[in-house]
Amino acid sequence: MDKKIMPLSKLDINKKAKVSHIKTEDKAMLQRIIAIGALPNTDITLIQRFPSFVFQIGKSQFAVDKELASCIYVRQI
Amino acid sequence: MEKRDYKGPIENSIEMAIEKIENLLKSDYYLSGRSIAILLLQEDEEIRNLVKEKDVANFDRIEDIIKDTKLHYANPISYELAIERQDEVKDILGRYVKFEKDRISPQEKLSRALMNPLFGIPALLLVLYLGLYKFVGQFGAETVVNFLESSIFDKYVTPFSTVLAARIIPWIALQDLFIGEYGIVTMAFRYAFAIILPITAVFFLFFSLLEDSGYLPRLAMLIDRTFKKIGLSGRAVIPMVLGFGCATMATMVTRILPTKRERIIATLLLALAVPCSAQLGVIMALLQHNPKALLVWAGVILFIFLLVGYLTSKILPGERPSFYMEIPPLRIPSLSNVMIKTYVRVKWYFLEIMPLFLWASVLIWIGRLTRVFDLLINLLKGPVSAIGLPPEASKAFLFGFFRRDYGAAGLYDLNAHNKLDGVQLAVACVALTLFLPCIAQFLMNIKERGWKTGLGISVFILVFSFSVAYALNIILRSLVVVL
Amino acid sequence: MSVKKIAIAGNPNVGKSVLFNALTKQYVAVSNYPGTTVEVSRGRMNLEGEEYEVIDTPGMYSLYSITEEERVARRILINERPDIVIHVLDAKNLERMLLLTLQLIEADLNVILVLNIMDEAVKEGISIDASGLEKELKIPVVETVATAGKGIDELKKKIGGYGKKRL
C-alpha cells in the first residue's frame with residue numbers, strides 16, 4: 001500500500017488506476033457514481049481532463065464534471 | 001475488499017435484515033419479497049410508500065429493522081450492496097467472459113480527437129455549418145420548399161381549390177375561410193405541407209443522424225463548462241439542439257434534465273432565444289441576401305441567450321447542476337433506424353401541430369371577420385413603430401403568436417414587397433425570434449412548468465423582446481449602420 | 001386465451017427500441033404512462049399462434065430508481081405483471097449491466113438475457129461463453145445484433161420455449 005490515494009481529478013492521463021473509495025456527503029451524487037459503476041476495486045483510466053473529465057471503466061467511457069471526478073478516489077497501479 | 005471490514009455484528013448484517021423484512025412482507029408485490037426488502041433497505045421512497053399502504057400492520061417493525069441496520073454501517077446501504085453485487089458480477093465475468101488486451105481502434109482515435117477542444121470545436125462548427133446551415137437551411141428551407149411551393153402549390157393546389165371553393169361555396173366570407181389570405185387551404189395547408197413539413201423533416205433527419213452516430217454526448221462534454229455558466233449542464237445540449245427543430249418538442253425533452261432549476265432555465269431559453277426550424281427557415285430566407293444583417297441577428301440572439309441564461313442562473317435558487325454522461329462509441333447510423341426515428345418525430349410533430357394550424361386559421365378568420373384583430377393589430381402598432389418597423393409589421397407579430405413561423409412568414413411577405421430596409425429587417429428578425437413562443441409552445445410551457453412559471457416566462461418574453469429590439473434599433477440607427 | 005405480456009427492460013442506449021420494433025413489426029401505441037410524462041410504447045407480436053403484448057420500458061440502470069424513467073420502468077414491472085422480462089444489455093458493457101440482470105432474477109421475474117450489439121463486442125476483442133452464462137444464471141441467454149436483425153429468430157424461439165416451460 002505504498003501507492004498514494006488521490007481523487008480521480010488529480011490522476012495522470014492514461015495511467016491505469018483502481019478505485020479505492022467514494023467520498024461524498026451527497027446521496028444523489030453517490031447514486032450517480034454507483035450507476036456509473038465506479039466502485040472500489042474497479043479499474044479506471046482517465047482519458048482527458050479538459051473541457052470535461054473523461055474516464056474509462058471496462059469498455060465504457062463517461063464524461064463528468066470536476067465535482068463528480070473529485071468524489072472518486074483512486075490508487076495508481 | 002476493505003469495505004467488507006465495516007460490516008457490523010452478524011445479527012445486524014444486511015443479509016439478516018433482508019430475511020427479517022422478507023418475513024414481514026405479506027402482500028403480493030409481483031417482485032419477490034427479497035427484492036422489495038432490498039429496495040426498502042436502500043430507502044427507496046416509492047417502494048416505502050407502497051409497503052406502507054399494502055403492509056400496514058408490519059410497517060413500523062420493518063422501519064425499525066431498517067433503522068437498526070443502518071446504524072451498523074458506516075456507508076449508505078445502497079453503497080454496501082453495490083459493492084457486494086459488483087464482486088458477484090466480477091466473479092461471473094471471470095468465468096464466462098474473456099477480454100482481449102485493450103487496443104486503441106481508429107474509431108477510438110477519432111472519438112478522442114472529437115473530445116479534444118483543439119480539434120473538437122472546429123469539428124463542431126463544421127457539423128453545425130454543414131448540418132444546420134447547408135442541409136437544413138439551404139437544402140430543406142430553400143430548395144425543397146421552393147419546389148413544393150412553386151411547382152406544387154402555386155401551380156396546382158391553390159388554383160384548383162380556388163376554383164372549387166368559388167363554385168361550391170356561395171358566400172364570399174366563408175370562401176375566405178378556405179382560400180383567403182389566411183385560409184385553411186391557402187395558408188394552413190400551404191404552410192404546413194410546403195414549408196413546415198420539408199424543413200422539420202430535413203431537420204429531424206439531421207438530428208436522428210447526430211443521435212445515432214453517438215455525437216451528441218461528445219457535444220455535451222465539450223459544452224458543459226460553458227453551459228454551467230448559464231446554470232445548465234452539458235446534458236442540456238440535447239433539448240437545445242432539438243430546439244432548432246421544434247422548440248415545443250424540445251421543451252418536452254427538457255424532462256431529461258435532472259433538476260427543476262435546469263428545466264426552468266432551459267424552458268425559458270428555448271422560448272426566448274432558440275429559433276425553431278420553421279422560423280429559422282423563414283429568417284434564413286429573409287436574410288440570405290444580407291449577410292451583415294444575418295450576422296447582427298445571430299450575434300444578438302447568441303448574446304441574449306448567454307446573458308439571460310447567466311442572469312437566470314444567478315437569480316434562481318437551487319444547487320449547481322451536476323454533469324455525467326456515458327460516451328457511447330462512434331457508430332455509422334443504420335439508415336432504416338434513422339428513417340423510422342425521423343418518421344415517428346415528423347408524425348408526432350404533425351399530429352400535434354396540424355390541428356393548431358387549422359385552429360389558427362379559424363381564429364384568424366373569426367378575428368378578422370369580427371374586427372377584433374384590427375383592434376389588436378392597432379394596439380401592437382405602438383410598440384412596433386417604437387422599434388422602427390412599418391405599422392404593417394404588427395400583423396406579423398400578432399399572427400406570430402398563433403404560430404411563430406406565421407409571424408416570420410408575414411415578414412417574409414412584407415419583405416417581398418420591399419417594404420423593409422436592412423436595419424429594419426435585422427431588428428424585426430431579432431424581435432420575432434425573441435417574441436412570445438407560438439401558441440403550441442405556450443401551452444407546452446404551462447403543461448410542463450405549471451401555470452405560474454409558464455405564464456411568468458411568457459410575460460417576461462413579451463416585454464423583453466420588444467425592449468431588446470428597441471435598444472437594437474436605437475443602437476444601429478445612432479451608429480448609422482447600413483445593413 | 002389470454003394475451004401474455006413481455007416487458008423489454010435495460011439501460012438507456014442499448015437498442016431496446018430497435019429490438020421492440022424487430023419483435024412487434026407494427027407500432028401499436030405510444031402514450032404517456034399514467035400520471036407521468038414518460039412515454040411508453042406497446043405493440044403486439046404473434047408467435048406460433050400465441051398472442052403477446054410487448055411493452056418497451058424506459059431506460060433503467062437498476063431496480064433502485066433515481067430518475068422518473070426508472071420509476072416508470074419499475075412500476076411497469078410491478079403493475080403490469082409481465083410474464084416475461086427481456087433484459088437487453090450492451091454486450092461490451094456486461095460488467096456494468098449484469099447488475100440489473102441479477103436484480104431482475106432476484107425479483108423472481110422470468111428473465112431472458114439479450115446480449116445485444118455483439119458485433120461491437122467482438123470488434124473490441126470480447127468473447128462471451130453464452131451457454132456457460134445460461135447455465136450459471138439459469139435463464140435463457142441470446143446474442144443479438146438487433147440493428148442488423150441478427151439473433152431475433154433465436155430470441156423468438158427462446159420466448160416460445162419459455163412460454164411452454166414455465167408459464
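The domain assignment, which is automatic or comes from a database, divides chain B into three parts, listed here.

| Domain of chain B | Residues |
|---|---|
| domain 1 | 2-96 |
| domain 2 | 116-286 + 326-351 |
| domain 3 | 353-478 |

The model is predicted: local features need pLDDT of at least 70 and side-chain atom pairs count only at pLDDT 80 or more, while totals for chains, interfaces and linings use all residues. Residues are numbered from 1 along each chain as its sequence is written, and chains are lettered from A and ligands numbered from 1 in the order in which they are written.

The C-alpha centres of domain 1 and domain 3 of chain B are 57 Å apart. The C-alpha trace of chain B spans about 85 × 55 × 45 Å along its principal axes. Chain B has 22 helices and 2 strands, taken as DSSP runs numbered from the N terminus (helices: H or I, at least four residues; strands: E, at least two).

Chain B also meets chain A: 24 residues of chain B are in contact with 24 residues of chain A, where contact means C-beta atoms, placed from the backbone, within 7 Å. On the chain B side, two or more residues each come from helix H5 (77-96), helix H6 (106-115), helix H10 (216-229) and strand E2 (324-327). H10(B) gives the most, with 6 residues.

Strand E5 (residues 60-64) of chain A and E2(B) run antiparallel and are joined by 4 bridges; strands pair if DSSP finds at least two bridges between them. Val64(A) stands opposite Tyr324(B) in E2(B).

Chain A also touches chain C, with 6 residues of chain A in contact with 8 residues of chain C.

Note on methods:
Contact = placed C-beta atoms within 7 Å.
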